[in-house]
Amino acid sequence: MTTAPPARAAKRGRPGYDLESLLAVAVRLFNERGYDGTSMEDLSRKLGISKSAIYHHVPSKEELLRLAVDRALDGLFATATAARARDASAVERLENLVRGSVLVLVDRLPFVTLLLRVRGNTKVERAALARRREFDQLITDLVAEAVRDGDLRPEFDAATVGRLLFGMVNSLVEWYRPRGGIGAEELADMVVAVAFDGLRKN
């Protein structure tokens, strides 16, 4: 009777060697130094791996940018889809969209921060800005519907209201930090209360 050889322990990859870790480091550097100011050499040094190891996961720095901004945009559009599908009034769906967007921002803070800093200098950035405009239009349409329903003050321009709403939401990236203090749900409730108490028709 022979004894089976002991099973070999699975080899552990080097830290920073998977795509998710690579993306997290890339987003941090893009936010700290700017996308244009970050090179693949910078990423290589930060991760402690070769540039060829990075290229094993992504073909270019621009692809890292695309993955990052899509992480933010996909979360926001999922929230918009869920809000629009609710069996509720337009103003309730709008409130739900604002609340959900705050939760996405908190959950994906580095990615949303990067999204809000793109300026359209590359093909990826221009595509991201186009999706942002599409998202803005969804907000404007909901505001206009809520005005028609008689739930929001009619003297305010719908597109301007949308910009003001999400100007407040987007400003959170400049100061909010998840560690300690106010939680995501409480923060979302505060944003909705501050915004809609002034917008609702008396």
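These legends go with several close-up views of a predicted model.

**View 1. Helix α5 from end to end.**
Let's start with α5, which runs over residues 90-107 and so has 18 residues. From its first C-alpha to its last it reaches 25 Å, close to the 26 Å expected at 1.5 Å a residue. Is this helix enclosed or open? With 13 of its 18 residues buried, α5 is largely enclosed by the rest of the structure.

**View 2. Helix α5 packed with helix α8.**
Here α5 meets α8, the helix made of residues 158-170. Two packed helices are described by the angle between their axes and the distance between the axes. For this pair the angle is about 25°, and the axes are 10 Å apart. Angles under 35 degrees count as roughly parallel, so α5 is roughly parallel to α8. The crossing of the two is right-handed. Which residues make the contact? On the α5 side they are L94, L97, V98, S101, V102 and L105, and α8 brings in L165, F166, V169 and N170. Sort them by class and you get eight nonpolar residues, two polar ones and no charged ones.

**View 3. E95, a buried residue of helix α5.**
Stay on α5 for a moment and look for E95. Its relative accessibility is 15%, and the cut-off for buried is under 20%, so E95 counts as buried. Leaving out residues up to four places away in sequence, E95 touches V192, F196 and R200.

**View 4. Helix α1 and its buried residues.**
Now over to α1, residues 19-33. Which residues of α1 are buried? They are L22, L23, V25, A26, V27, L29, F30 and N31. These buried residues pack against α2, α3 (51-57), α4 (61-85) and α6 (109-115).

**View 5. Helix α1 meeting helix α2.**
One of those partners, α2, covers residues 40-47. The two helices pack at an angle of about 120°, with axes 10 Å apart, which makes α1 oblique to α2. This crossing is right-handed. From α1 come S21, L22, V25, A26, R28, L29 and R33, and they meet D42, L43, K46 and L47 of α2. Which classes turn up in this contact? The tally is six nonpolar, one polar and four charged residues.

**View 6. Y35 in the loop between α1 and α2.**
Follow the chain into the loop between α1 and α2 and you find Y35. Buried or exposed? Y35 counts as buried, at 13% relative accessibility. Not counting residues up to four places away in sequence, Y35 touches F30, K61, E62, L65 and T122. Take E62 from that list: Y35 and E62 are 27 residues apart along the chain, and their C-alpha atoms are separated by 9.0 Å.

**View 7. D151 in the loop between α7 and α8.**
Our last stop is D151, in the loop that lies between α7 (123-148) and α8. With a relative accessible area of 26%, D151 is partly exposed. Setting aside neighbours within four places in sequence, D151 is in contact with S89, V91, A146, L199, R200 and K201. How far is D151 from A90, C-alpha to C-alpha? They are 8.4 Å apart in space, though 61 residues apart in sequence.

Terms used: Residues numbered from 1 in each chain as written. Predicted model: local features only at pLDDT ≥ 70, side-chain atom pairs only at ≥ 80, totals over all residues. Heavy atoms only, no water. Helix = DSSP H or I, 4+ residues; strand = E, 2+ residues; numbered from the N terminus. Expected span 1.5 Å × (residues − 1). Buried < 20%, exposed > 50% of the residue type's maximum accessible area, 1.4 Å probe, protein only. Axes fitted to C-alpha atoms, helices over the stretch in contact; angles between N-to-C directions. Parallel < 35°, antiparallel > 145°, perpendicular 65-115°, else oblique. Left-handed = near helix turned anticlockwise from the far one by under 90°. Contact = heavy atoms within 4.5 Å. Nonpolar A, V, L, I, M, F, W, Y, C, P; charged D, E, K, R; others polar.
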